[in-house]
Amino acid sequence: MKIEQFLREQITAGTGVPAFPVFAPEYQTLPFAVYMRSGTQRDRVMTQAGMQPIAGFQVAIYSETYTEARNLADSLRVHLDNFTGEYGPTDNNITVLYCYLVDEADGEPTQFDGESKPAYSAQLSFSVKYKETC
């Protein structure tokens, strides 16, 4: 299992909305979430530490109302912040050493094609340290 799959499944489990990497499909119904990796740190001092990267992820949640966007962001924060442990099936799992919320903010209103009013958004940043298997 890849760390991106873990994050996508956790976003959906924590919010109940679909999550997409980088951008959502055209005409995707609100609400939904978009996530992307913002960077990865790899420690090169110790060989074993190199197999435990720290990935930064940005998550944007889009909704029809400000309140709904904030509520979904709060649900994700409560669900994912401070997560540790094994995740996934035993033959293809991932070990998350820590996952914590780094930052959260209101996003700019976004006008999607075919929509008459902009969508509200909430943005969250997570830092995830995990054991890499590849």
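**From one tyrosine to the whole chain**

Y66 has a relative accessibility of 40% and therefore counts as partly exposed, a class that lies between buried, under 20% relative accessible area, and exposed, over 50%, as found with a 1.4 Å probe and protein chains only. The model is a predicted one, in which local features need pLDDT of at least 70 and side-chain atom pairs count only at pLDDT 80 or more, whereas totals for chains, interfaces and linings use all residues. Residues are numbered from 1 along each chain as its sequence is written, and side-chain values use heavy atoms, with hydrogens and water left out.

The aromatic partner of Y66 is Y120, and the two rings form an edge-to-face pair, 6.4 Å centre to centre with 75° between the planes. Rings of Phe, Tyr and Trp (its six-membered ring) are paired here if their centres lie within 6.5 Å, and the planes count as stacked when under 30 degrees apart, as edge-to-face when over 60, and as tilted for the rest. This pair links distant parts of the chain, since Y66 belongs to helix α2 (residues 66-80) and Y120 to strand β6 (residues 120-131), 54 residues apart. Y120, with 36% relative accessibility, also counts as partly exposed.

The whole structure holds six aromatic pairs. One of them joins F20 and F32 in an edge-to-face arrangement, with 6.3 Å between the centres and 70° between the planes. Because F20 lies in strand β1 (residues 19-21) and F32 in strand β2 (residues 32-41), the pair ties together parts that are 12 residues apart in sequence. F20 counts as buried at 17% relative accessibility, and F32 is buried with a relative accessible area of 3%. Elsewhere, F6, F83 and Y87 make up one aromatic cluster.

N82 sits in the loop between α2 and β4 (83-87) and is exposed, with a relative accessible area of 61%.

These elements belong to a protein of two helices and six strands, which follow one another along the sequence in the pattern α-β-β-β-α-β-β-β. Helices (H or I, at least four residues) and strands (E, at least two) are DSSP runs, numbered from the N terminus. Among contacts between residues at least 6 apart in sequence, 62% join residues at least 24 apart, where contact means heavy atoms within 4.5 Å.

As for overall dimensions, the C-alpha atoms fill a box of roughly 55 × 30 × 25 Å along the principal axes. The radius of gyration is 16 Å, which agrees with the value near 14 Å that a compact globule of 134 residues would have; the radius is taken over C-alpha atoms, and the globule rule is 2.2 Å times the number of residues to the power 0.38. Of the 134 residues, 39% count as buried.
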